[in-house]
Amino acid sequence: MSYPKLTPWPFIDPEAPPDGYIKVGESIDRVRSRTSQKIWHFFVTQGYFIISDKEWLEGRNGKPGKYASSQYEYPIAGVRWFVDTVERFFLPPDHPNAVPRGAKTIEEPVDGETLGVTRGAWYGGEHIPGYSFDNLNRLEHCTIPPDGPYCQMFKMGDPWLFEDGLFDLFKEIAQRHENGEF
Amino acid sequence: MSYRLTDVTDLPRSSHALLTLVHPQSAVDIVSRILSPYTTASEPIENLDPRQRRDELLEQLTTGERVLFDASGASPGIFRHRRVEAESLVGNLPPRLARALSDHWDGKTATGAASVPVQSDSLAPAIEPAYQPPPATSSPIREPGSRTLDLVYRWPDGTGVAGAPYVVEGLDSYQQGHLDGAGEARVTGLKDPVVNVRFGQPAPAGELDILRRQLQGQLDGILKREREDAARRQASTDELPMAHNVGVHIAHGFIGLWDSAVGLISNNLTILNFTHLGYYNRALQSAWTATRDGSDQAWVDSFKQQFDKANKRALVEALGFDPDAITREQLAEAYEVASLIGADPESRAMLGRFAVDFAQAQDSTEISYFAGGVVLEVVLAILMGASVGASAVSAAPRYLRKLAPLATALRNLAARLKISYQTRYHYNVETGTVCESTCRPRPDGVDVETRNFRNRRLNVTTFEGAKAALLAARRRLIARGGYTPKYSQEELAILAREGLDNDRFIVRLVEEHHVDGYQQPPGSMNGTLGRPDGQTGQVRFWSTTLDQIEASDTCPRLIAQQLGVEYNPKATYKLAIVDRVKAAEMADAETLIPTFKNLTDYVNTKLPNKSGSPEMVREVMTPEYQATYEKVVEGMGDAEWDSIKARREYLSEQGLDAEQIQLFETRLNIQDDTGANQHFLGNGLTKHTTLSREGNVIHGAMETLTVENNPQTFRTMTNGGQGGPEAYVELIDLTPIDFGA
C-alpha cells in the first residue's frame, strides 16, 4: 500500500532553532560517530515532534566544506505510540498484543498520519540490529538532494536505544507531552 | 545335418573326423541357436543330455572342455586348408583344445596317458595299425585354379572399406588379403565353384565371451584389493564414535553415484567450470551420428571438427577430469569405446556393477544405484588411468591409477565389439560373380548424462538418520583422503532455486561456549542459535541445510570452509542440527534461501514501501545491479556509512544522478533490513573460503537465512540435552580431521 506524501517540512538549524521549537532532548549515536560525533536533537512544535541533526561535511576535491542536516517529522502523539509499539515486540508471541508472528513492521494511523515501527537487521550499523520510527506520509529528506523515494525511517540500533538511553528519552518525552508540558 | 558333442579328452583318432570338429566359437553359436527357447531347432544334437544346463554347456564349449562335431562338415572348422595338420590349425583356439590336439599329434592321448597308435574310427577291431599318412616334409605344391571372385565391401554410407582384410575359402582354395582403397579386390586362382567369404577381421563367436570374462576377472581383482584396503581403513577408524552403521542412504533413497562415492570431482580444477553437459552431449551425438555410417577415420575427423581444443577442454572438465591429462584423440577413442560398450548390454552391466561395487568398497555405505548412465565416465577414467599411470602424474586422483590395469582388457573387448559391427561372413558364394557386402552401422553414441544430483540429496526425517548420515560421511571422507564436493557449482545453483521443501534439517556451526551463552556458567545451555537482537531476543542466523553439509561430515574446519566463515582452530565446535518444521512452531522461525528473488519477495511482503517502491526493490535485487552496488560501496568510508548526507555527497561525486542515488539508497535500505550486503551473491550460495580465488568465486554450499521471533535456549531446544520428542535441536560434537598438507 502506498501513502500520500505531505509537503516537506522546512529544514531547521538544530543549533539555532526558529521560535516556537522547544528542544526536548538530544542523543548521540555513538556507533555512527566514527568520523564525527552524530548528535541528534529532538524538538516539539505545533503538535509535531521533530528529529534533526547538523553535520559538517568536509570539502571534497577542492570544494569547500559545508553543513548539512537530516530531519524527521511526526505528530507528537507518535512518540508514545512508538514507545508502546516497540514494547509490543518484546511480548511473547502468544500475547494478544504481541507483534503478529512473522511481522517485521507495525503501521498505524496516529493523528492523521500513518506511522510505523520496523525491525531491521542492520538498523544500528553493520551487523547491529535495531528499530526504525517511520512516517509513511513523509518522504525521507536531508539538505543534500535528492529526497528519498521511500518514507522517513529514523533508524536506531539496539545499543543506542536500550543501552545509551534513547528509548528512555522517548518515554520521557511522551510522558512530558502527556503531562501537558507541550 | 546332425551334431555330436564330445569331451576334449575323447578326440577321435581319424583325421577325417577331426575335419568335422566345429570351431568352438561357431559351436557356441550353433548350440546357442539350437538350445534357444525362441527358435525351433531343425538340427538335433545327437547325444545332448537334456539335463545339462545351457550356460554350462556353452561355457564348456567356450573353454574347449567339450567340442562339437558336424558330420556334414559344413560348419566352420579348426583347420584352414582342410588338412589335418598342426600348421593348418586356426590360431584362436581355446588353450585346452589346442593342447589336446597337440597331444593328439604327439601320439599321446588327450589326457596324457600312454600313447597309442592312431586308429581309424572303424568299430571293427584293428588287426594292424591303421594307415597313417607320411609326415609332411614340405608344403605340397598346389596348382592355382582358374576361377575368380570380385569382392566389394562398403560402409553403410556407400564408401568403400579401404584396406579391410578378407578371406576366401573353399574346399580346395584359401586366399586372404586386403581390399584396396576403394574397398574392392579381385581374387584369382580359385578352384572351387563355391566359396565362403569373410570381410573384416575374424569374429570368432565365443571370443566376446572370453574377453568379457577377462575384463570381469580384472574388475574382480581390483574390487578384491579395494575391499581389503577398505577393511584396513575401517579397522583404523573404528575408534570413531560410530553409533550407527545403518544403510541410511539406501533406506532413504540416496543414490551413491560413481562420482559422489568415488570422487570423480576430486580435484579443484573440476569444480571451477562445470559447464553445460547437455550442449556437449548434443555436439558429441551430432559428430557420432554424422559418421555412424562412415569409416572410423570419418568419426575421428568429425570429432576433431566439432571439438576444438577449447571445447575438448570444457567437456573433459565437465566430466570431472583434468583436461591437460587427455588429448582429443584419447577422448575420441574413449567415446568410441564407451559407445561400443554402451551398446553391449552385458558389458554395460558389467561396468555399471563395477562402478557401484568400487564405490561401495570405499566405505560401508550401501549404494543401490545402477550406474548405467555413466559409462563414458567410467571408460574415460579407466583409459585415463592407463595414461596417467604411464606418465606417473602425482597429482592424479588416487583411484585413476587403480583403474589403469583395466585399460588393455577394456580396449580388447571394445575392439572385438567393433569387429562384430565391421565383419561380414558370406557362405556358398559362387565364384565368377561379385560378392558385395555392407558392414553394419556403428551403434548409437553413448549419452553424456548430467549426474542425477537430486538422487544424491539426503532425505532423512529423524535425528537418528541425520547422525547416521554424518557418520557415514566421515568414513567416506577418511577413505577418500579428503573433501569431495557433493554438488557441482551448477547443481548448487539449481538446488538454491528449488527451495527448501525437501530439507527437514538445517545446521548451524556453533562454538561450544555459545551453547552456554554469554557469561553463563558452563553446562547452563542458555545460549541461542544466534546472537540475540537487542532486547527482543529475536535471533537471525545464516546457515545451510544438513544435506549440504553432509560432504564435510563432522569436521568443523571443512564445514567452516564450506560455509564461508572463519575457522578458529583453538575453538571447540558443535554442530546444531535444527528440525526446521518443529522450529517454525516452537521458535516462530522462518527460513528462506536468500536469493535475489526470495529477498525481493521478503522485502516487498514483509516491509512494503519501506526500503523503496516494489519496482525499485525488484530493480536493485538483480545480479546486474549487485555488481554496480558492490563497486560503489567499495569506495565508501566510515563517514559515508555513518551519514546519509556524506553518502549523498559521495554518490554525486561518483556521477550518480538523482534517480541512481535513489536506487542506491533503496539497495542500502535492503541491506539494513536483511543484512544482504555488497558481498551478497544473490544465488543463495556461500563462498568457499579455501577454493575461491580473486575474481573466481567457488561456492561452498546452499545458504539459508533463518529468523526466529521467539528463540529458545539450547536447554529448551535439546530438551536439556536429553533429546526425545520434545527436542527440535540435536547437538553433535565435531572433531577435526587432519589430512596433512
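1. A crossing is left-handed if the near helix is turned anticlockwise from the far one by less than a right angle, and right-handed if clockwise. In this predicted model, α1(A) passes α3(A) in a left-handed crossing. Helices (H or I, at least four residues) and strands (E, at least two) are DSSP runs, numbered from the N terminus.

2. On the conventions: the model is predicted, local features need pLDDT of at least 70, side-chain atom pairs count only at pLDDT 80 or more, and totals for chains, interfaces and linings use all residues. Residues are numbered from 1 along each chain as its sequence is written, while chains are lettered from A and ligands numbered from 1 in the order in which they are written.

3. Helix α1 of chain A covers residues 77-88 and helix α3 of chain A residues 166-178; their axes lie 8 Å apart, at an angle of about 135°. Axes are lines fitted to C-alpha atoms, for helices over the stretch in contact, and angles run from 0 to 180 degrees between N-to-C directions. α1(A) and α3(A) are therefore oblique to each other (under 35 degrees is roughly parallel, over 145 roughly antiparallel, 65 to 115 roughly perpendicular, and the rest oblique).

4. Which residues of α1(A) meet α3(A)? They are V79(A), R80(A), F82(A) and V83(A), and their partners in α3(A) include F170(A), I173(A) and H177(A). Contact means that the C-beta atoms, placed from the backbone, lie within 7 Å. Ala, Val, Leu, Ile, Met, Phe, Trp, Tyr, Cys and Pro count as nonpolar, Asp, Glu, Lys and Arg as charged, and the others, Gly among them, as polar.

5. Between the chains, the contact takes 41 residues from chain A and 40 residues from chain B. The largest share of the chain B side, ten residues, comes from α28(B). By class, the side of chain B that touches chain A has 17 polar, 15 charged and eight nonpolar residues.

6. Chain B has an open sheet of three strands in the order β6-β3-β9, with mixed pairing. Two strands pair if DSSP finds at least two bridges between them. β3 (residues 147-154) and β6 of chain B pair in the antiparallel sense over five bridges, and R147(B) stands opposite L190(B) in β6(B).

7. An open sheet of four strands in chain B has the order β5-β4-β7-β8, with antiparallel pairing. β5 (174-178) and β8 (424-430) of chain B each have a single partner strand, so one side of each is left without a neighbour in the sheet.

Conventions: Two residues are in contact if their C-beta atoms, placed from the backbone, lie within 7 Å.
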